Amino acid sequence: MNRIRRISDLLVNIWMRAGLYFLLALPVLIGVGLYWKAAPIIGGHSLRDLLFSRQWFPMKGEFGFMPFIYSSAYVTVLAFILSAPLCLFAAIYLTQFGKHRLLQVMLPVIDILAGIPSVVYGVWGVLVIVPAVAEYVAPLFGVASSGYSLLSGGIVLAVMCIPYMLNMLIEVFQTIPVGMKEASLSLGATHWEMVKHVIIRKGFPGILSAFGLGIAKAFGETIAVLMVVGNTLDISVSPFSPGYPLPALIANNYGEMMSIPDYDSALMFAALLLFVIILIINLFFRYFIHQTEKI
Amino acid sequence: MITYPVFSYQKAKRMVNHQEKQTPIIEIKGLNVRTREGEILKNINLKIPRNKIVVLLGPSGCGKTTLLKSLNRLTDLHKELQVSGEVLIDGVDILKVSRDLPAMRQKMGLLSQRPFPLPVSIYRNVAYGLKLKGIRNKDLIAHSVETNLKRVGLWDEVKNRLNSPANSLSIGQQQRLCLARGLAVKPAIILADEPTSALDPISTRIIENLFKELKEHYTIILVTHVLRQAVRLADHVVFMYYGDIIEQGHPDDILKHPKTEVLKKYLVDGN
Ligand SMILES: Nc1ncnc2c1ncn2[C@@H]1O[C@H](COP(=O)(O)OP(=O)(O)OP(=O)(O)O)[C@@H](O)[C@H]1O
Ligand SMILES: [Mg+2]
């Protein structure tokens, strides 16, 4: 009996450790694999040219990723600005002010929204957002636009990020102990003061982590953005001009035009870039969260 | 010749004071708290006398905490609870006020069953209520923080780490911090839900003695499961059972000569 228990204990232990090491190794393996495939282009060009040059002429062997990085950053920031404050206030309202019933109705709706495949958001973007931007929003600013633009990409991304971030924020706010809210109120805080001093303060690390994950998701999102953003090489400040984010570059071209030397490797470099940037975003937010948790 | 009646200001003041002492500070009329599953408090009627220690006794789950929380309307936070009836604090029904709610809550310092320090430093926990009151004077706040931490016997333990997070304290220390925090807003009433359940005998003594002292100026409603503590502190004992008040009165009557079977059994098991 004792032997069996000891052996089963050991087996479970080994199994869990193996799983853990595999999970830990996974990102390293992906990173190494991408680097290995991207090595030719990294060897052939200076990193500075790859990252900061605007010249993208694969036929001539010129690979400047700046337009792609710029577009990616642009739509991500736009999506974040559009979605983050909205999610924050919605989550606070749903968990702290609204009726309990409202939250119970909203939760499944949010889950459904989060579960819709991104291609559906893309189609919706093409059918609704793109024409709306072309016909109403752009003229409002006196600009002509096809509608396939950074703005459309940002809006579609924002809509996709909302259920994702909202879900996390609601969870964060729900885990804050009622006793802490009671303490604040009983000392004379108004409901809104209590929200500021307890909910936002105590939930701050959680808010940051929800935002961080939301940004990372937006940065890497591919299909929906690709469908509405225009996919044109351009570095423009105007949200009404088209762009060409990194994930779209990979998805549009992988498997094609392999006859061009180094093209394959360039796409791998794009993937590596995406991977590294998302890693940096995550680490940055982790660090931030760690800092705020000390309070 | 017309003679005017001579009013003695002192005498009038004494009369008013006397009258004030007579009227209960809290009067609960027909208080019901229920959820969809059932009733938690059933038609509670209770008068809390001024400057006395009222002890709530009763088995676990009988509604003591719920009663305390209804008094300063923290039941608002639990949307599933339906509260009806009247809770008059100095004659004002707290269940009906809206804009004055924070100010009315400040009349009552709550010491919850488990301590919940706010997610800020030790110092700011005690200063919190003062800042909400609009007090900005740094010296005044610092003085109040020190005095109140001393009152609960915590000052010497924390005076060198006032800026560290409050949740770095032990549970017993947190409990005393929460009491200091509540006292700092100068409430008239203290709602204490098993305040000494996490404390060692020495800290318990400090708190008990503090309560006896505070009675001069405060009304204290104390929930406890420790019968000996009830004997030591109570001026008035209320025994609750399944959301009802079964018996109440002077501790000598209630605890020595219980009338109902449930209370007899509770006292036997408690000793
Ligand atoms: N928010 C709530 N929703 C549903 N039921 C609740 C809620 N709060 C309290 N109750 C129920 O009300 C009853 C009384 O709870 P309460 O916490 O007031 O008991 P108590 O007398 O303080 O017990 P204890 O001595 O264990 O602290 C319990 O049966 C509890 O399950
Ligand atoms: Mg209780």
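Mentor: Two strands count as paired if DSSP finds at least two bridges between them. Strands (E, at least two residues) and helices (H or I, at least four) are DSSP runs, numbered from the N terminus. The model is predicted, so local features need pLDDT of at least 70 and side-chain atom pairs pLDDT 80 or more, while totals for chains, interfaces and linings use all residues. Residues are numbered from 1 along each chain as its sequence is written, chains are lettered from A and ligands numbered from 1 in the order in which they are written, and side-chain values use heavy atoms, without hydrogens or water.

The part in question is an open sheet of six strands in chain B, with the order 6-7-8-3-9-10 and mixed pairing. Strand 6 and strand 10 (244-249) of chain B are its edge strands, each pairing on one side only. From one strand to the next the twist averages 15°, where angles run from 0 to 180 degrees between N-to-C directions and axes are lines fitted to C-alpha atoms, for helices over the stretch in contact. Strand 6 and strand 7 (residues 189-193) of chain B are parallel and share four bridges. Met108(B) faces Ile189(B) of strand 7 of chain B.

Helix 2 of chain B lies across strand 3 (53-57), strand 6, strand 7, strand 8 (219-223) and strand 9 (236-241) of chain B, at about 155° to strand 7 of chain B; contact here means heavy atoms within 4.5 Å. Helix 8 (residues 201-214) of chain B also packs on this sheet, where it touches strand 3, strand 7 and strand 8 of chain B and makes about 145° with strand 8 of chain B.

Thr65(B) belongs to helix 2 (residues 64-71) of chain B, and Gln113(B) to the loop between strand 6 (108-111) and helix 4 (122-132) of chain B, so the two are 48 residues apart. Thr65(B) is partly exposed at 23% relative accessible area, and Gln113(B) is partly exposed at 35%; buried means under 20%, exposed over 50%, and partly exposed in between (1.4 Å probe, protein chains only).
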